[in-house]
Each structure stands twice: as structure tokens, then as C-alpha cells.
Amino acid sequence: MALTDDAIDRIKAMIVDGELAPGSRLPKEEILAEQLGLSRNSLREAVRALSAMRILITRQGDGTYVSSLEPHLLLESLSFAADVSQGHAALQLLQVRRLLEPQATGLAAALLGPKDLQELRNILNRSRTVTTVEEFVAHDIAFHLRIVEAVGNPVLSMLLQVLSTRTQRVRIVRGSKTRHALDNAHQDHEQILDALQSRDALLAASAATVHITAVEQWLAASLTDDSLREVDS
């Protein structure tokens, strides 16, 4: 594994130093292996690992290329970590989301046009007709993502998607009292949309903070309850 890590570091160094620019094709395997002083097996393992990170892209029959290296593309590889997060790790992700998303929501208040606001209204209307938690979460994600997209920063949009993935949200809603959680979420969403329609940035940010904090507090309380049960047992 140490040899593979060394190969990864060397390829990264070539990218950082500008020897391999975004979109450029890597030299043929035997040439690059000799250039880096690595075995071809170590180089292949490194390429596989860097491809998983979206740093490299392998095109069948064409070779291996450096990706665009755009931050939002590289952040996609973090989604799995958020999907499998449990307990305190999930809570930490929610805490970071609370620091970022309300500010983005406040900024969006001045940027969302009439068509955007109507689209948000349509999403909320559809969210009230769903019959499963999965359907509700899909609309919930669409609602928040549409707001953040108005800011026009794809890195921020991807980062917030990573911080609260679909899988994570389904687990949280199911873990709480589902009907109660859905009713509260509907109410929070309406307050966020009202603030956006009024173009009140401070109120929009505050409503988003209340919404995310409620989920965060529920998760923190559930972790405390679990710890107490373990002590009692």
C-alpha cells in the first residue's frame, strides 16, 4: 500500500506543479511508470484510486486524463461518507450545514425571481401530496437545492448536498416520529418561502436556521437517549 500511496502523491505533485494540466492526457503507462520510478502495478493502483476521487478519468480505449478538477466535481467523492455517517458524525455534518445554508438562503432572497419562487411553491405543493418518506425527502432536497443554486456557486451547492444527503435525511425522518417530523418540516418550509417572497434576507436566514437546528437538536437528543440507555443497561 505504501508504494501505491507514493504513486498517488507523485501524480498529485505533477498536477499541482502544472506538469499535468486539467483535461490533459497522462503519458502511456510504461512511460509514466519509468518517469516516476514506479512499477506498473503500483501506477495502475494509483490511477484507480485517483479515478475514484474524480481527479483522473479513464476513457476506455483512449487513455487516462486529468479531470477538470473543478471543486464541486471533487466534492462528489465525499457523498458516500455522508451517506454512511451515523451518530456524532451525522450530527457534525448537520452542524456544518447549519453554518452554511442559512447564509446561502439569505443571499438567495435578493436573487430569486418570480419564476424561481413559483417553482419553489410548486415543489412545496407536491411535497404535501406524497405518501412515503422517500418521496418527501426528494422534494425536500429539491426545495433547498433550488434556493442554494440561486446563489450561483456550484461549490457551495455541492458542499451542501454532501453535508445532507438523501440517505441521511431519510434515516433522520424515519428515526423521528414521522408524521410529527413531516408536519414541522412543512411549516418550516412555508416560513422560509414566505421570507424569500418578501425578499427579507435576515428573516429567510433565520427561518432556515430554525429549520436545520430543529433537526440537529432532535438528533443530538436521540444520541443522548441512546447513551443513557447504554448506561442503564
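This text walks through a predicted model, from its overall layout to single residues.

Start with the fold. The protein has 233 residues, of which 40% are buried. Its secondary structure comes to 12 helices and two strands. Along the sequence the order reads α-α-α-β-β-α-α-α-α-α-α-α-α-α.

Take the strands next. Strand β1 covers residues 56–59, and strand β2 covers residues 63–66. They pair in the antiparallel sense, over four bridges. Together β1 and β2 make a hairpin, with three residues between them. The turn contains G61, whose phi is positive, at about 80 degrees. Across the pair, T58 stands opposite T64 in β2. In a regular strand, side chains alternate between the two faces of the sheet.

The charged end of R59 sits over the ring of Y65, 4.1 Å from the ring centre. Aromatic pairs are another matter: a search of the whole structure finds zero.

T64 leads on to a pocket. Empty space shows up when a probe the size of a water molecule is rolled over the atoms. The second largest pocket holds about 210 Å³ of space. Its lining counts 13 residues, and those closest to the centre are P27, K28, E29, V47 and T64. Helix α3 supplies the largest share, four residues. By class, the lining of the second largest pocket splits into five nonpolar, three polar and five charged residues.

S85 belongs to the loop between α5 (79–83) and α6 (87–108). Its relative accessibility is 5%, so S85 counts as buried. The chain also brings S85 and T165 into view together: they are 80 residues apart in sequence, and their C-alpha atoms are separated by 10.0 Å.

Helix α6 holds E101. Is E101 buried or exposed? E101 is buried, because its relative accessible area is 2%, and the cut-off is under 20%. Along the chain, 111 residues separate E101 from I212, yet the distance between their C-alpha atoms is 8.7 Å.

Helix α12 spans residues 201–232 and includes L223. At 12% relative accessibility, L223 is also classed as buried. L223 and G87 are 136 residues apart along the chain, with 6.5 Å between their C-alpha atoms.

L69 lies in the loop between β2 and α4 (71–75). Phi of L69 is near 60 degrees, a positive value in a residue other than glycine. With 22% relative accessibility, L69 is partly exposed, because that class runs between 20% and 50%.

R199 sits in the loop between α11 (178–197) and α12. What is the phi of R199? R199 has a positive phi of about 55 degrees, although R199 is not a glycine. Its relative accessibility is 44%, so R199 counts as partly exposed.

Technical notes
Residues numbered from 1 in each chain as written. Predicted model: local features only at pLDDT ≥ 70, side-chain atom pairs only at ≥ 80, totals over all residues. Heavy atoms only, no water. Phe/Tyr/Trp six-rings, centres within 6.5 Å; stacked < 30°, edge-to-face > 60°. Lys NZ or Arg CZ within 6 Å of the ring centre and 35° of its normal. Pairing = 2+ DSSP bridges. 1 Å grid on protein atoms, 1.4 Å probe; cavity = no way out; pocket = protein on both sides within 12 Å on 5 of 7 lines; lining within 4 Å. Points joined across faces, edges and corners; volume = space filled by probe spheres on them. Nonpolar A, V, L, I, M, F, W, Y, C, P; charged D, E, K, R; others polar. Buried < 20%, exposed > 50% of the residue type's maximum accessible area, 1.4 Å probe, protein only.
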